[in-house]
Amino acid sequence: MATKSHVQIELQAETVKLFDRYHKHTGTTPEAYITQLVEKTLPTVQAMVDAIDEASESPDKNIDVMELFARKMATESLEQKKQATAEPLTV
């Protein structure tokens with residue numbers, strides 16, 4: 001179970017070199033990049049877990065998890081679009 005708030009990952013040497021170059025150009029650390037990546041993809045993880053939960057709780061054992069996932073992702077995408085259009089633009 002994922003009960004820790006910190007995760008340690010091992011990167012291949014090529015990946016470390018790439019992140020070093022990226023950091024040099026942007027000032028973004030590998031930790032910050034990976035954290036943002038994870039946070040931005042959480043809706044996908046949420047939709048997949050919700051689809052699996054729904055399929056496992058359904059009396060219909062022929063339910064398609066990927067179809068449920070696609071519906072949930074579409075709903076999430078529409079919600080994000082609504083929020084983006086509702087938020088005022090800041091310049």
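Start by selecting aspartate 50, which lies in helix α2. Helices here are DSSP runs of H or I with at least four residues, numbered from the N terminus. Aspartate 50 is partly exposed, at 30% relative accessibility; buried means under 20% relative accessible area, exposed over 50%, and partly exposed in between, with a 1.4 Å probe and protein chains only.

Before going on, note that this is a predicted model, in which local features need pLDDT of at least 70 and side-chain atom pairs count only at pLDDT 80 or more, while totals for chains, interfaces and linings use all residues. Residues are numbered from 1 along each chain as its sequence is written, and side-chain values use heavy atoms, with hydrogens and water left out.

Methionine 66 is in helix α3 and counts as partly exposed, at 47% relative accessibility.

**The nonpolar core**

Which residues make up the largest nonpolar core? Select Ala47, Ala51, Ala55, Leu68 and Phe69, five residues in all. A nonpolar core is a set of buried Ala, Val, Leu, Ile, Met, Phe, Trp, Tyr and Cys residues joined through side-chain atoms within 4.5 Å. Helices α2 and α3 each supply at least two residues of this core. The most come from α2, which gives three. In soluble globular proteins, nonpolar side chains tend to be buried together.

**Salt bridges**

Two salt bridges are counted in the model, a salt bridge being a side-chain nitrogen of Lys or Arg within 4 Å of a carboxyl oxygen of Asp or Glu.

For one of them, select glutamate 54 and lysine 72, whose side chains meet at 2.9 Å, N to O. This pair links distant parts of the chain, with glutamate 54 in helix α2 and lysine 72 in helix α3 (residues 65-86), 18 residues apart. Glutamate 54 has a relative accessible area of 35% and is partly exposed. Lysine 72 is partly exposed too, at 25%.

Then select glutamate 67 and arginine 71, whose side chains form a salt bridge at 2.5 Å, N to O. These two residues are separated by about one helical turn, because they are four residues apart in helix α3. An α-helix has 3.6 residues a turn, so residues three or four places apart point the same way. Glutamate 67 counts as partly exposed at 41% relative accessibility, and arginine 71 is partly exposed with a relative accessible area of 47%.

**The aromatic cluster**

Now select Phe19, Tyr22 and Tyr33, which form one aromatic cluster. Rings of Phe, Tyr and Trp (its six-membered ring) pair if their centres lie within 6.5 Å; planes under 30 degrees apart count as stacked, over 60 as edge-to-face and the rest as tilted. The count comes to two aromatic pairs.

Show the rings of phenylalanine 19 and tyrosine 33. Their centres are 5.4 Å apart and their planes lie at 65°, so the pair is edge-to-face. Phenylalanine 19 belongs to helix α1 (residues 13-26) and tyrosine 33 to helix α2 (residues 30-57), so the pair ties together parts that are 14 residues apart in sequence. Is phenylalanine 19 buried or exposed? At 13% relative accessibility, phenylalanine 19 counts as buried, whereas tyrosine 33 is partly exposed, with 36%.

Tyrosine 22 is partly exposed, with a relative accessible area of 34%.

**Helix α1 and its ends**

From first C-alpha to last, α1 reaches 20 Å, close to the 20 Å expected at 1.5 Å a residue; the expected span is 1.5 Å times one less than the number of residues. Just after α1 comes glycine 27, with a positive phi of about 80°.

Finish in the segment before α1, where valine 7 lies. Valine 7 counts as exposed, at 72% relative accessibility.
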